[in-house]
Amino acid sequence: MGIARRSSDDELLVRLRTGDEAAFRQIVTQNHRAMTRLARSFVQSQSIADEVVQETWLAVIRGLDRFEGRSSLKTWIFRILVNRAKTRGIREQRTTPFSALTASEDDPSPAVDPERFLTGGAAFAGYWSIPPSRFFELPEDRVLADETLALIERAIVELPDRQQRVIRMRDLEGWDPAEVCDVLEISAENQRVLLHRARAKVRSAVEAHFSELVQT
Amino acid sequence: MSYEDLPCRDFVELATDYLEGALTVEQRLVVERHLAFCSPCVDYLDQMRAVIHATGTLREEDVPEPVMESLMDAFRALHGRSDG
């Protein structure tokens, strides 16, 4: 897969360097929304995020001839974006200082409400007392109804910035973990911790949403 | 190690590492033994997979037309074909 992606990158790069407008339109279409979301998580307003994305595209246009293909075209673009967004974010006093960005998560709460498990000295302490519902057995158009999707979007928006970045890149945009680590400059372990916290909260919101529909 | 060595409360904290293939061989064996006997935890993973799938459907490709036009202009200015 990596090789296939790299060779399609090479082809795309040739097209871009020779002024192929359809190729440029394609990379803008594929990435603009995700770039805007990511930039917004670093800076204090939507208009600054839009400026950062605009500046990034101009830097990409200017840098195409110098791009050496050491990373994928996508991660190269997003690294430019993150560097610019961080610079703006720090200037605008929004992002967390680097000293606070250590491996430990800002939010060590358990993935599942402890009350869902048996407690005390019973033989089955730590096992489910209220097991997970089987909402996934509902018809797909029910699970993927607009209402559910809006609820997922709200749950994501409420996540801390770092968790939100990771779940958007991984589960919404479908990136590989290594690409996320590369762009956000975090370790593989940290990436998984952030993803774990984020997914746990979104799962919990979805399960609660379907709780009246599905008897366990 | 057996099913009893991994309460469900601990399993859920390993779920992401399990799905990501990031567990050690020994951890994975304990998790898989647990799953072989614990259908609620299998359901938990199925919930997780359903939510991940639903999240993926939120992906949108949408560029406001004026933004696209100004980017296309910038692209043409630097890389435009003389015959275009």
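How many helices and how many strands are there in chain A? In this predicted model, in which local features need pLDDT of at least 70, side-chain atom pairs count only at pLDDT 80 or more, and totals for chains, interfaces and linings use all residues, chain A holds nine helices and zero strands. Residues are numbered from 1 along each chain as its sequence is written, while chains are lettered from A and ligands numbered from 1 in the order in which they are written. Helices (DSSP runs of H or I, at least four residues) and strands (runs of E, at least two) are numbered from the N terminus, and from that end the elements of chain A run α-α-α-α-α-α-α-α-α.

Of the 216 residues in chain A, 33% are buried, a residue being buried if 20 or more other C-beta atoms, placed from the backbone, lie within 10 Å of its own. Two residues are in contact if their C-beta atoms, placed from the backbone, lie within 7 Å; among the contacts in chain A with a separation of 6 or more, 66% are accounted for by residues 24 or more positions apart.

The domain assignment, which is automatic or comes from a database, divides chain A into domain 1 (2-91) and domain 2 (109-209). Taken over C-alpha atoms, the centres of these two domains of chain A are separated by 28 Å, and the contact takes nine residues from domain 1 and nine residues from domain 2. On the side of domain 1 that touches domain 2, the elements giving two or more residues are α2 (21-40) and α4 (73-91) of chain A, and α4(A) gives the most, with four residues.

Within the range of domain 2, helix α6 (residues 146-157) and helix α9 (residues 188-209) of chain A pack at an angle of about 145°, with their axes 9 Å apart; axes are lines fitted to C-alpha atoms, for helices over the stretch in contact, and angles run from 0 to 180 degrees between N-to-C directions. The contact is made by residues that include Leu151(A) and Ile152(A) of α6(A) and Val202(A) and Ala205(A) of α9(A).

Turning to the partner chain, the contact between the chains takes 39 residues from chain B and 46 residues from chain A. The elements that give two or more residues to the side of chain B that touches chain A are α1 (8-19), α3 (39-56) and α4 (65-79) of chain B, with α3(B) giving the most, at 12 residues.

How values were computed: Buried ≥ 20, exposed ≤ 12 C-beta atoms within 10 Å, placed from the backbone.
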